[in-house]
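Try each task before reading its solution.

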Amino acid sequence: MRNYRKVILQYAITTVAAGLVSLLALHLRDFWSATELVDKYKYLADAFTIPGVLLIMISALIWISSTGFFDGLAYAATRVGGMLIPFYKKGKEHQTYYDYKMSKKDKVPHGYSFLFFVGLAFMVVAIVFVVLFESVYVPIA
């Protein structure tokens with residue numbers, strides 16, 4: 001049975017962190033001194049897009065790395081680090097790439113979908129603000 005308290009905590013922490021990024025984006029764009037509704041919708045759309053895209057891309061990067069796509073780069077970096085830094089990864093200096101892949105096979109990350117879903121929720125809110133922006137925006141001819 002899943003630990004629902006842990007899942008709710010993951011979603012809550014991620015949502016609060018993304019909300020803080022949104023507030024920072026609003027602060028940097030000086031949202032509170034904007035007087036036009038068009039500007040407010042634009043700033044809100046930008047503020048919700050930033051954490052939404054970041055969270056979706058981070059979850060995609062974690063998913064790609066869980067497939068073993070970056071194992072060759074990690075193995076090469078470990079080998080180079082072992083050659084340049086004394087006592088770095090002592091005891092694994094003669095590990096083959098096959099042994100490295102087999103040791104990584106059991107350490108596949110899982111349980112990171114909350115990043116994607118919180119990012120998706122922020123993107124939906126951003127799309128709502130883009131639609132509102134487009135409904136109010138009148139281009140100057």
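The model is predicted: local features need pLDDT of at least 70, side-chain atom pairs count only at pLDDT 80 or more, and totals for chains, interfaces and linings use all residues. Residues are numbered from 1 along each chain as its sequence is written, and side-chain values use heavy atoms, with hydrogens and water left out.

**Exercise 1.** Describe how helix α1 packs on helix α5.

Step 1: geometry. Helix α1 spans residues 4-28 and helix α5 residues 113-136. Their axes come within 10 Å and cross at roughly 40°. The pair therefore counts as oblique (under 35 degrees is roughly parallel, over 145 roughly antiparallel, 65 to 115 roughly perpendicular, the rest oblique).

Step 2: hand. α1 crosses α5 in a right-handed sense (the near helix is turned clockwise from the far one by less than a right angle).

Step 3: contact (heavy atoms within 4.5 Å).

Step 4: class. The contact of α1 with α5 holds 7 nonpolar, 5 polar and no charged residues. Gly counts as polar here.

**Exercise 2.** Do likewise for helix α3 and helix α4.

Step 1: geometry. α3 (residues 71-84) and α4 (residues 97-105) pack at about 120°, axes 11 Å apart. That angle makes α3 oblique to α4.

Step 2: hand. The α3 and α4 crossing is right-handed.

Step 3: contact. D71, G72, A74 and Y75 of α3 touch Y97, Y100, K101 and K104 of α4.

Step 4: class. The α3 contact with α4 has 4 nonpolar, 1 polar and 3 charged residues.

Key. Axes fitted to C-alpha atoms, helices over the stretch in contact; angles between N-to-C directions. Helix = DSSP H or I, 4+ residues; strand = E, 2+ residues; numbered from the N terminus.
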